[in-house]
Amino acid sequence: MAGARRIVVKVGSSSLTTASGGLDADRVDALVDALATVRGGNGEQAPGDHGPKEIVLVSSGAIAAGLAPLGLTGRPKDLARQQAAASVGQGLLVARYTASFARYGVRVGQVLLTTDDTSRRSHYRNAYRTLDQLLGMGAVPVVNENDTVATDEIRFGDNDRLAALVAHLVRADLLVLLSDVDGLYDGNPSTPGTTRIAEVRGPADLAGVSLGSAGKAGVGTGGMVTKVEAARIAAAAGIPVVLTSASHAADGLAGRDTGTYFHRTGRRSADRLLWLAHASTPQGALTLDDGAVRAVVERRTSLLPAGIAAVEGEFSAGDPVELRDTAGRAVARGLVNFDAKEIPQLLGRSTRELARELGPAYEREVVHRDDLVILQPGPRP
């Protein structure tokens, strides 16, 4: 951990704001103090560092910060008012970070993402270039979901998952998840006799662990369930994770004994495929015959029209779709090359035959293998 050079830090709404809404300047400053210290402040190496560090901050809090200024007493349930609150709060949030980091001579840059920005190849590459350039120029990117325009269909759902995916996107060495709880416990932390789980090496270490659901302040959307899921995603992609409280951020970033440490459980996968598996929402589904399932899942080939038995949903070329077997189980997910209305005429036919009848544009894969990810047992819905 001490040798980690590029670190993604995620902080939740409850660690930055009051329960009634509005930013807590002291909390923001305390977080920035910890980040600036591990980063080296104004370009100077912090004591005990193994070299200069780069910080990407994934910050919740936009909606919560906008509640009080708009006269809202709690987080709205409807999307329109959430977006209105985010529109007001995002500016306040970034302004607060800008002022706080300025104490150390550090600039910040705002980066707002939607799932569409990260599952499509060109958008994904552009997001990486922007973040990498900001880091290269000595700035701290402040990343958030673009709540002001995201619809229910294109939302990440929670910033914990977004942070895991951003850590993969920027090729981070470490992900630090900060909340209002100082780690993962084997029960309710407020119940006497519960114990902090110091390390998680795999799913077996979480067997029988009861996870809570809501944050204490009631202004966020996450909870321990989303944090453990985010840690699982990052660890499977080869990125270790520290889960601790915002008040222990300095200890977590310095590698001291705090919170819960999730060991790597896998290796880095092809960049966009992790996003396709965990951040995309299928707009339709293609049912594959048994031969096509074997070809796609076992031999990792592209999906050709000849192997498709049925199509459902309304989608356009470039949208994510689910690939199912004849029993209806999702076996893969990919970006489709045709509109839904075009596919019925392609079913069960060879690309050569389609090219002769419909033209050379139809002599191609329905889903190319570079735009396809195999889903493991028990995939995320």
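**Salt bridges in a predicted model**

E229 and R232 form a salt bridge in which the closest N and O atoms are 2.9 Å apart; a salt bridge here is a side-chain nitrogen of Lys or Arg within 4 Å of a carboxyl oxygen of Asp or Glu. The model is predicted: local features need pLDDT of at least 70, side-chain atom pairs count only at pLDDT 80 or more, and totals for chains, interfaces and linings use all residues. Residues are numbered from 1 along each chain as its sequence is written, and side-chain values use heavy atoms, with hydrogens and water left out.

Both E229 and R232 belong to helix α7 (residues 224-236), where they are three residues apart, about one turn of the helix. Helices (H or I, at least four residues) and strands (E, at least two) are DSSP runs, numbered from the N terminus. R232 counts as partly exposed, because its relative accessibility is 41%; the classes are buried for under 20% relative accessible area, exposed for over 50%, and partly exposed in between, with a 1.4 Å probe and protein chains only.

A further salt bridge joins D78 to R81, with 2.8 Å between the closest N and O atoms. Its two members are both partly exposed, since D78 has a relative accessible area of 30% and R81 has a relative accessibility of 43%.

Side chains of opposite charge can pair when their charged atoms come close. The side chains of R96 and D29 meet in a salt bridge at 3.1 Å, N to O. R96 is partly exposed, because its relative accessibility is 24%, whereas D29, at 17%, counts as buried.

Salt bridges also link R5, R6, E54 and D132 in a network. In the whole structure, a search finds 19 salt bridges.

The setting for these pairs is a protein with 11 helices and 13 strands. Of its 381 residues, 51% are buried. Among contacts (heavy atoms within 4.5 Å) with a separation of 6 or more, 72% are between residues 24 or more positions apart. The protein exposes about 16,800 Å², of which carbon and sulfur atoms supply 48%; accessible areas come from the Shrake-Rupley method with a 1.4 Å probe, and for residues only the protein chains shown count as cover.
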